[in-house]
Amino acid sequence: MLIKGMMGLGDNIYSRAFVKNYPGAYLETPWPELYRDLDVKCVKPTTQLRTQAKNVRRNAVWHRAPVSRTLSIKYGQLPIIEGLRASFRCEPKDFDLPDFGPSPVTGRYVVVRPVTVRSEWRADSRNPLPEYVFRAAEAARAAGYTVVSVADLEDRREWAVGPLPPADLRFHAGELHVEQLMALCQNASAIIGGIGWIVPFSIASGVPALVICGGQGGFNSPGHITDPIMDLSNTEFVVPDNFCMCREKTHDCDKTISDFDSRIARWIERLPALER
């Protein structure tokens with residue numbers, strides 16, 4: 001069987017739990033590293049998206065796609081796990097990740113994802129207000145954590161929105177390939193950022209995540225991107241007062257969170273008990 005998988009990093013972290021139901025299958029994916037402990041054969045995809053294409057070029061060993069039955073994976077406008085159930089035609093097994101080994105950073109640290117926009121795939125509505133990520137990073141530093149900021153910025157292709165969060169270490173030019181990024185996050189005390197791959201990562205790894213929501217709730221509300229079967233005990237969503245439920249990429253959503261600083265203070269206070 002050939003599984004024509006989705007291309008996004010977060011989509012592949014979600015999908016891993018379903019792929020486990022198809023041992024021996026061929027899987028089209030730009031992220032073979034996420035499946036390295038499973039019995040699947042990864043097929044080279046065609047993708048024009050920058051970070052995906054970079055990772056495809058890093059990998060030299062690919063399997064030829066068989067002529068066989070094909071499952072095309074997508075969730076469309078359905079909640080993510082509901083849509084994946086329909087595409088994979090099965091229930092997910094455990095949400096987890098392989099062990100990616102030691103971190104490229106030592107000590108007690110928090111990973112922060114700055115607010116960015118990509119020209120190839122706009123997410124303006126989904127993004128939180130950048131000052132909230134800034135203030136959360138400040139709070140983590142004040143609590144004694146080293147802050148490590150990670151992005152893949154490139155002129156005219158991906159850029160930061162607003163001021164970059166304060167950080168002790170910055171990897172902002174895509175220096176970390178996906179195995180290093182996953183190792184960095186697996187060994188972190190926590191991750192802070194907006195909606196994106198950090199959500200399924202936190203669920204699959206158990207690493208605490210502070211997820212600051214923006215808008216476009218019709219696709220990105222916590223209920224849409226998670227499922228009742230998931231363990232969300234370490235995944236904290238901070239939602240705007242008037243969470244906009246639009247489905248537009250560039251809508252002027254109201255992203256105000258009136259009690260933001262007190263929410264962050266309470267989360268930081270609980271964080272030592274959440275750390276693995």
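In the predicted model, Asp124 is partly exposed, with a relative accessible area of 23%. Arg122 and Asp124 form a salt bridge, with 2.7 Å between the closest N and O atoms. The term salt bridge stands for a side-chain nitrogen of Lys or Arg within 4 Å of a carboxyl oxygen of Asp or Glu. Residues are numbered from 1 along each chain as its sequence is written, and side-chain values use heavy atoms, with hydrogens and water left out. As the model is predicted, local features need pLDDT of at least 70 and side-chain atom pairs count only at pLDDT 80 or more, while totals for chains, interfaces and linings use all residues.

Side chains of opposite charge can pair when their charged atoms come close. A search of the whole structure gives 22 salt bridges. One of them joins Glu154 to Arg50, with the closest N and O atoms 3.2 Å apart. Because Glu154 lies in the loop between strand E7 (146–150) and strand E8 (158–160), and Arg50 in helix H2 (residues 50–58), this pair ties together parts that are 104 residues apart in sequence. Helices (H or I, at least four residues) and strands (E, at least two) are DSSP runs, numbered from the N terminus. Arg50 is buried, at 4% relative accessibility, whereas Glu154 is partly exposed, at 33%.

A further salt bridge is formed by the side chains of Arg58 and Glu179, at 3.4 Å from N to O. Arg58 is in helix H2 and Glu179 in helix H5 (residues 178–186), so parts 121 residues apart in sequence are tied together by this pair. Both partners are partly exposed: Arg58 has a relative accessibility of 40%, and Glu179 one of 23%.

Helix H1 (residues 9–19) is mostly covered, with 11 of its 11 residues buried. The buried residues include Leu9, Ile13, Tyr14, Phe18 and Val19, and also Asp11 and Arg16. Where do the buried residues of H1 pack? They pack against strands E2 (25–28) and E3 (40–43), and against helices H3 (80–88), H5, H6 (198–205) and H8 (222–225); contact means heavy atoms within 4.5 Å.

Terms used: Buried < 20%, exposed > 50% of the residue type's maximum accessible area, 1.4 Å probe, protein only.
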